[in-house]
Amino acid sequence: MGSSMSTPKRAETVLTVDSPPEKSVAAELLNNLASIKLAEPLSGDGAITLKNVDGWEEKAAKDPKIELARTILVDTDFKTALASRSAKVADSHIFNLQLDFKTNPITNQKSSGRCWLFATTNVLRHSAMQKLDLKEFQLSQSYLFFWDKLNKCNYYLELSIETADLPLDDRVVNHLSDDLISDGGQWDMAVNLLETYGVVPQPIYPESYSSSASGNLNKLLKLKLREHALVLRRFHSSLRASSASDSDISGAVRAKKEELMSEVWTIMTAMLGVPPLPNDRFTWDYYDKEGKPKSWSGTPLEFYKAFSSKQYPPSESFSLINDPRNEYKKLYTVDKLGNLWGGRPVLYVNTEISDLKKAVVKMLKAGQPVFFGCDVGQFSDRVAGIMDTGLHKTALENAFNISLSLTKAERLQTNESSMTHAMVITGVHVDTATDTATRFCVENSWGPDAGEKGFFVMTDKWFDEFVYQVVIPKALAPKELVKVFEANEKVVLPPWDPMGSLA
């Protein structure tokens, strides 16, 4: 907006003896800068000295606000003590645009990082419950979790083969071996699972201890996978030293990987249970909302095809993101990010935050729940169910005489923020005078005791700062953004980019 092409042409300046040339002005500015006395540190080597401490304490002790903060905050959680009462009052759980059909019950991911699978199944059940005439219903999050985890193990070992010629301390290799099989995921990963394995009602593949508390399972799998990666790297290296062809080496290493994956299968089936295969027939007996007994028989893939939305199928939806670091109206992906080897890649169309908000309202008006990704821990209250930048920010700045001024782009650039959680938007409060959203109704997956019986309220300003992703069907998306998505001209971000974080 500030480019010369967008500003009116100014009259040319004619230099006279009273108007010094530009070079003289620059020289004068340099002389002024040179005359500024720069502050000198109390510590010459950068270490903290007692003089530093004395100076800091002298300044702090003179400030009555800091003295009050010290009196209060030493014995309490600052998030509780400094939470804005006015924000809590303003952030009411009242919305004038909501989905007509209500799903139940509120789900609970418990001690796992499966929020994206809960958000996915919470979106899917909206259609399934209406078709099956149900009062309460859950799809098996554990079923999708099993197939996702198994495929992520395979994905990591395939990447280990792909990068076998790189040293172990290479940045890519090191990054991949860090959080190699996270519980988290993305919408495109969910589509991979649904299209390949289908889905089942929760009673067909119920929760296990390790699906609800995945930490120990993940720890054991990571231990074995890192060992397996080294086995594959050494085997690859030994074959390279022989006279074997590239195709023979590739085949032999992959066969070795399949042998190692049998150990992964053994561990997972012992801790999670053996899941139905996607083409295995099962029979599900259930009661409809009138209490009448019903029965359905078919395969996981048939169940998915029968009860997911026909008008807006999951495979025809894509992710809009708001990443102000990068150019808008472009398609982005993250290198070496995925779950099914050779499957649908993780793709994002980057656009203005206003487009994400419009997408939410349009989907709700079409009667569709909205999968979205955000940084849930920022300026939020789990008990009250509030996500509001005004909840703590001003109080923190006043209490400590500080400024919290990072922009959204800067938070991404400095690892202060990223997508950490996926949930579902089921309603919005629209200001009738301006036709803009002021707050959003969010269905979480932390059980009914969190928030307002499991629901959270998210303010418009919080959306601006900490919402990164909204998933929208192509049929409801702006045509120019669909065009960007379908052109498939991807900008590839490095594996460690914050857009590679898994909700």
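Predicted model: local features only at pLDDT ≥ 70, side-chain atom pairs only at ≥ 80, totals over all residues.
How many salt bridges does a search of the whole structure find? The search turns up 32 of them, a salt bridge being a side-chain nitrogen of Lys or Arg within 4 Å of a carboxyl oxygen of Asp or Glu. Residues are numbered from 1 along each chain as its sequence is written, and side-chain values use heavy atoms, with hydrogens and water left out.

Now for the overall picture. The protein chain has 18 helices and 14 strands; these are DSSP runs numbered from the N terminus, with helices being H or I over at least four residues and strands being E over at least two. Taken along the principal axes, the C-alpha atoms fill a box of roughly 90 × 70 × 60 Å. Of the 503 residues in the protein chain, 49% are buried. Here buried means under 20% relative accessible area, exposed means over 50%, and partly exposed is anything in between, using a 1.4 Å probe and protein chains only.

Contacts tell a bit about how the chain folds back on itself. Among contacts with a separation of 6 or more, 77% are between residues 24 or more positions apart, where contact means heavy atoms within 4.5 Å. Accessible areas come from the Shrake-Rupley method with a 1.4 Å probe, and for residues only the protein chains shown count as cover. As for charge, there are 57 positive and 64 negative side chains, and the centres of the two sets lie 3 Å apart. In this count Lys and Arg are positive and Asp and Glu negative, with His and the chain ends not counted; each charge is placed at NZ of Lys, CZ of Arg, CG of Asp or CD of Glu.

Side chains of opposite charge can pair when their charged atoms come close. K222 counts as buried at 18% relative accessibility, whereas D179 is partly exposed at 46%.

Another salt bridge joins K329 and D355, with the closest N and O atoms 3.5 Å apart. K329 lies in the loop between β4 (317-321) and β5 (330-334) and D355 in helix α14 (residues 353-365), so the pair ties together parts that are 26 residues apart in sequence. K329 is partly exposed, at 26% relative accessibility, and D355 is buried, at 14%. D288 and K294 also form a salt bridge, their closest N and O atoms being 3.2 Å apart. In that pair D288 is buried, with a relative accessible area of 7%, and K294 is partly exposed at 35%.

E158, R254 and K257 are linked in a network of salt bridges. E158 is found in helix α7 (residues 141-162) and is buried, with a relative accessible area of 4%. Leaving aside neighbours within four places in sequence, E158 is in contact with R254, K257 and also W341.

The surface has a nonpolar spot too. I48, L50, V53 and W56 form a nonpolar patch with about 470 Å² of accessible area together. Patches are made of residues with over 30% relative accessible area and no salt bridge, with like charges joined within 9 Å and nonpolar side chains (Val, Leu, Ile, Met, Phe, Trp, Tyr) within 5 Å. V53 belongs to helix α2 (residues 50-61) and counts as partly exposed, at 38% relative accessibility.

Finally, there are some backbone details in the loops. The peptide bond from N104 to P105 is cis, with omega near -5°, and P105 lies in the loop between β1 (97-98) and α6 (115-132). N415 has a positive phi of about 65° although it is not a glycine. N415 lies in the loop between α16 (408-413) and β10 (421-431) and is exposed, at 67% relative accessibility. D435, not a glycine either, has a positive phi of about 60°. The loop between β10 and β11 (436-443) holds D435, which is exposed with a relative accessible area of 58%.
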